[in-house]
Amino acid sequence: SPTRIYVLAADNGVVSEGVSSAPQSVTRAQAINLTRGLTGASCLAKHFHDGLTVVDMGIALPYTCPEILDRSLGKGTANIAAGPAMPRPAAVQGILTGMELAAQARQDGIRLLGVGEMGIGNTTTSSAVLCALSGEFVEAVTGRGGGLTDAAFCRKKQVIEQALAVNRPIDVLCKVGGFDLCAMTGVFLGAAHARLPVVVDGFISIVAALCAARLCENTRGFFFGSHVSYERGYKVAEQLLGLQPCLQLGMRLGEGSGCPLAFRVIEAACAVISTMATFPEAAIEDDYLTPIRAQDSFTVTP
């Protein structure tokens, strides 16, 4: 298939703070299910014949699944509420791994790339990264992720504030990010370097895209938005990145689930650009448009 979605999977030590409604074992289970076409993103990819590659960047629990590409940087990150998520070399290696994945896609003949993720706790790390990059208050960029009680949501925001406090000065990705976010950032950078259009999925994906754009401004010209995320911080990241998503479908899933749908919109646009005829090509006389073109503006009345 000329299309591929990379799903970067990793666990986050911050889940020990009670910031997620799901247990850490869900990362492992869903990473495996992604390879079997049983999740939202993978069943869509399978239906549309898009390639989908799950990459283990730091799944904490042991598993047996040869279909998952092992690029693990460790068994999950450290708890960002207590200190840095990872050493700086690990963050750099994560970014380089993502860039290598993008380069491999180009070598494999992929024409359109998508970036998704799987990792319990990664809306917390993404909100922390966005907070650091945007200068916004925690309240403005933090949502409920996979679904939280009011008490757990309050705790999540407190944990992000604590993480930002203990990790100043911030070298953002290695201090409050995750292995998945590092690799996703690298895929966005690598896709731009390979001149590959790359689709941004939801909240976590757009935060990684923003990290890539902060590292190299010119990358953003290769990014395509897929769907509008329900996460509160998505709009902040979208404005900072200057990205306009093309779909508003009430999706709240992540995983890269917006990518197969956005691929179809992009393919449709390419079909129109490359095959739709202009008036002269279609032998249509357009003299009737002259009066309209001559006006600086005109008013349409009901």
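Mentor: A crossing is called left-handed if the near helix is turned anticlockwise from the far one by less than a right angle. Keep in mind that this is a predicted model.

Start with the helix pair. Helix H9 covers residues 203–215, and helix H10 covers residues 234–241. Their axes lie 9 Å apart, at an angle of about 30°. Angles under 35 degrees count as roughly parallel, so H9 is roughly parallel to H10. The crossing of the two, H9 and H10, is left-handed.

Now the residues in contact. H9 contributes Phe203, Ile206, Ala209, Leu210, Ala213 and Arg214. From H10 come Tyr234, Ala237, Glu238, Leu240 and Leu241. Sorted by class, the contact of H9 with H10 holds nine nonpolar residues, two charged ones and no polar ones.

Move on to the loop between H9 and S6, where Thr219 sits. Thr219 has a relative accessibility of 2%. Buried means under 20%, so Thr219 counts as buried. Set aside neighbours within four places in sequence, and Thr219 is in contact with Leu189, Ala192, Ala212 and Ala213. Ala213 is also one of the H9 residues that meet H10.

Next, the aromatic rings. The model has one aromatic pair. Phe188 and Phe223 form it, edge-to-face, with 5.1 Å centre to centre and 65° between the planes. This pair links distant parts of the chain. Phe188 belongs to helix H8 (residues 179–193), while Phe223 belongs to strand S6 (residues 223–225), and the two are 35 residues apart. Phe188 counts as buried because its relative accessibility is 0%. Phe223 is buried too, with a relative accessible area of 6%.

Most residues other than glycine have a negative phi. Arg195 is not a glycine, yet its phi is positive, about 60°. Arg195 is in the loop between H8 and strand S5 (198–200). At 62% relative accessibility, Arg195 counts as exposed.

His49 also has a positive phi, near 65°, and is a residue other than glycine. Its place is the loop between helix H2 (40–48) and strand S2 (51–58). His49 is exposed, with a relative accessible area of 63%.

Key. Residues numbered from 1 in each chain as written. Predicted model: local features only at pLDDT ≥ 70, side-chain atom pairs only at ≥ 80, totals over all residues. Heavy atoms only, no water. Phe/Tyr/Trp six-rings, centres within 6.5 Å; stacked < 30°, edge-to-face > 60°. Helix = DSSP H or I, 4+ residues; strand = E, 2+ residues; numbered from the N terminus. Buried < 20%, exposed > 50% of the residue type's maximum accessible area, 1.4 Å probe, protein only. Axes fitted to C-alpha atoms, helices over the stretch in contact; angles between N-to-C directions. Parallel < 35°, antiparallel > 145°, perpendicular 65-115°, else oblique. Contact = heavy atoms within 4.5 Å. Nonpolar A, V, L, I, M, F, W, Y, C, P; charged D, E, K, R; others polar.
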